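Colleague: Could you walk me through this one? I'd like to go over a helix, a pocket and a hairpin with you.

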Amino acid sequence: MSRAALRALDALDLDVAAELHGLAFEPFGERTWTRQEFAELLASHGARGALLDGDGGAMGFALWRVTLDEAELLTIAVHPAARRRGAGRALLEAAIAGAREAGAGVLLLEVGEDNPAARALYDSTGFSTVGRRPAYYRRKDNARADALVMRFVLASEVRPGG
């Protein structure tokens with residue numbers, strides 16, 4: 001990856017986040033999130049995010065939320081021009097570090113079974129599949145795809161209640 005810098009995603013990045021989310025997910029027929037939805041998510045308790053800036057502008061972002069000792073990766077979006085250059089991995093590592101710093105013992109996510117690139121990234125990072133949501137995602141032409149629920153252990157010991 002050429003020059004890139006991670007920084008906190010904040011309220012000034014709402015338009016960028018909405019645009020990146022559209023570029024990343026609209027081609028697959030997924031509903032993309034609006035500026036308002038990002039504003040509400042970022043304002044919610046425990047929500048954090050990271051934006052990866054490169055020479056040509058924003059390369060991608062990750063958004064996660066920590067509740068007690070559990071974190072959930074809400075979304076990760078990489079600009080199509082930045083794919084296969086380490087941006088997704090850098091953003092995932094930022095989410096893992098952020099969740100760990102906030103005291104979470106596990107990080108959960110869901111990913112379309114029909115998304116081999118994302119699944120390969122999560123598998124290579126150490127996530128394991130712990131569940132399935134049949135026909136969870138609606139794709140183009142009303143096709144459906146299962147969501148895989150994946151889990152990454154952040155701490156060697158999960159505190160009681162986690």
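Modeller: Happy to; this is a predicted model, and a few questions and answers follow.

Colleague: Which residues of helix H2 are buried, and why do they sit on the same side of H2?

Modeller: Helix H2 spans residues 35-43, and its buried residues are Phe-38, Leu-41 and Leu-42. They lie on the same side of H2 because they cover an arc of only 95° around the axis.

Colleague: Thanks! What do the buried residues of H2 pack against?

Modeller: One partner is a helix, H1 (14-25).

Modeller: The largest pocket has a volume of about 1200 Å³. Of the 42 residues that line it, the closest to its centre are Phe-25, Ile-76, Asn-115, Ala-118 and Tyr-122. Elements giving two or more residues to the lining include H1, helix H3 (87-101) and helix H4 (116-125). The largest share, seven residues, comes from E4.

Colleague: Last one: in the hairpin of E6 and E7, which residue takes a positive phi?

Modeller: E6 and strand E7 (residues 144-153) run antiparallel and are joined by seven bridges. Arg-138 stands opposite Arg-144 in E7. Five residues lie between the strands of this hairpin, and the one with a positive phi near 60° is Asp-141.

Methods. Residues numbered from 1 in each chain as written. Predicted model: local features only at pLDDT ≥ 70, side-chain atom pairs only at ≥ 80, totals over all residues. Heavy atoms only, no water. Buried < 20%, exposed > 50% of the residue type's maximum accessible area, 1.4 Å probe, protein only. Helix = DSSP H or I, 4+ residues; strand = E, 2+ residues; numbered from the N terminus. Arc of directions from axis to C-beta. Contact = heavy atoms within 4.5 Å. 1 Å grid on protein atoms, 1.4 Å probe; cavity = no way out; pocket = protein on both sides within 12 Å on 5 of 7 lines; lining within 4 Å. Points joined across faces, edges and corners; volume = space filled by probe spheres on them. Pairing = 2+ DSSP bridges.
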